[in-house]
Amino acid sequence: MHKKIINILAIESSCDDTGAAVLQNNKVLSNKIANQSVHAAYGGVVPELASRAHQQNIVPVVQQALKDAGIDKKDLHAIAFTKGPGLLGSLLVGSSFAKSMALALKIPLIAVNHMQAHVLAHFINEENQKRPGFPFLCLTISGGHTQILKINHYNDFETLGETIDDAVGEAFDKTAKLLGLPYPGGPLIDKYAKHGNKNAFEFTEPKTSNPLDFSFSGLKTAILYFLRKEKKKNENFILENINDICASVQHTIVNILMNKLKLASEKTGITDVAIAGGVSANSEIRKTLKAFETSLKWTTYIPKFEYTTDNAAMIGIVGYYKYLSNDFDEESALATSRLKINE
Ligand code: KG4
Ligand code: ZN
């Protein structure tokens, strides 16, 4: 029997990167991203600048994705786009573009939840990459989200715990800002931590009433006071101790995440465990999770780097599963800045 070939163009524009990808069934033919450097000087993403940069980038990024995939527009079966959550102005650029193109080509439109996409990135068909079976646990960690999810099926997600204040990516980025590092600081903390002593400084782990929930705002304040105190004694404290500070902060964050993930596994009896989202690029998180394969007999799923931070291939894989179940959207589908994982 011949399997039907489905070509999907996917567009991601929820934050500060413009992404376009072409998937043929569950395989990625191309995955392009235009990073926006305009924000670095401001220490964070400036929404207005982001929308403008998306407008400039979207046409060339889509053209490049089609070219690299060797797929002509007329051979596309559907267009998938991020409907939320994210910055509204940015989402509107991607969704308007996707709608016009689908309308012009007379092909279906598929609206995708960005957080579901981070999780379903695990189902992209890659050589030497195993794909999880259901149910599995997924620690979803990004600049805007921190959740432990139980994934029952492609479109059936249960939230077991989530952050009650800052997301873990924000904890990394805000700490980096306190240390005078540019945005986004997460990858830089990871880099400096490699040369530091993770036990040099100690920060207490915040408590939450649901033990599977997270809280990171207290940690940020603790780091702020710690740095203030040390800088009074030695004004070069940060400069002289950057590696040890980064290693200690990162270790504290990773401990918080991993302790809760272990608890979720104990509570549910599930030992198939995945990580997803931009922060899952962190090397200590990846190493610690991998070590649980031996110490806890877990089967772990760690995405390839290009599918951890925001990318369009992950939007395309959700598009593929929605296409298979004829789950299409009208031209009137709205972009929404807030969207729950099950919406
Ligand atoms: O998923 P993502 O690309 O965008 C959102 O949907 O938010 O995640 C971005 C976040 C940023 O906070 C960034 O600092 C963090 O992921 N991040 C990292 C690393 N790489 C990216 N945090 C820690 N270590 C990393 N290696
Ligand atoms: Zn994301």
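Helices here are DSSP runs of H or I with at least four residues, strands are runs of E with at least two, and both are numbered from the N terminus. This is a predicted model, where local features need pLDDT of at least 70, side-chain atom pairs count only at pLDDT 80 or more, and totals for chains, interfaces and linings use all residues. Residues are numbered from 1 along each chain as its sequence is written, chains are lettered from A and ligands numbered from 1 in the order in which they are written, and side-chain values use heavy atoms, with hydrogens and water left out.

Let's start with two prolines. Pro184 sits in the loop between helix 4 and helix 5, and the peptide bond joining Tyr183 to Pro184 is cis, with omega about -10 degrees. Pro135 has a cis bond too, this time with Phe134, and omega is again about -10 degrees. Look for Pro135 in the loop between helix 3 and strand 6 (136-141). For context, most peptide bonds are trans.

Now for the ligand. Ligand 1 is surrounded by 18 residues (each with a heavy atom within 4 Å of the ligand), and Gly143, Asp173, Asp190, Gly278 and Asp310 are the closest. Helix 3 (114-120), helix 4 (168-178) and helix 5 (186-193) each bring at least two residues to that shell. Sorted by class, the shell has five nonpolar, ten polar and three charged residues; Ala, Val, Leu, Ile, Met, Phe, Trp, Tyr, Cys and Pro count as nonpolar, Asp, Glu, Lys and Arg as charged, and the others, Gly among them, as polar.

Some atom pairs are worth a look. His118 places a polar side-chain atom 3.2 Å from an oxygen atom of ligand 1, while Gly186 has a backbone N or O atom 3.3 Å from a ligand oxygen. Asn282 has a polar side-chain atom 3.0 Å from a nitrogen atom of ligand 1. On its own, ligand 1 exposes 560 Å², and the protein buries 88% of that (Shrake-Rupley method, 1.4 Å probe).

Next, the hairpin. Strand 2 (residues 17-24) and strand 3 (residues 27-35) pair in the antiparallel sense over eight bridges (pairing takes at least two DSSP bridges). Gln24 has Lys27 of strand 3 as its bridge partner. Two residues lie between the strands, and Asn25 in the turn has a positive phi of about 50 degrees.

Finally, Lys297 also has a positive phi, about 60 degrees, although it is not a glycine. Lys297 lies in the loop between helix 8 (283-295) and strand 10 (299-301). Its relative accessibility is 67%, so Lys297 counts as exposed (over 50%, with a 1.4 Å probe and protein chains only).

Conventions
Polar contact = N/O pair within 3.5 Å; in protein donor to acceptor, adjacent residues only side chain to side chain. Buried < 20%, exposed > 50% of the residue type's maximum accessible area, 1.4 Å probe, protein only.
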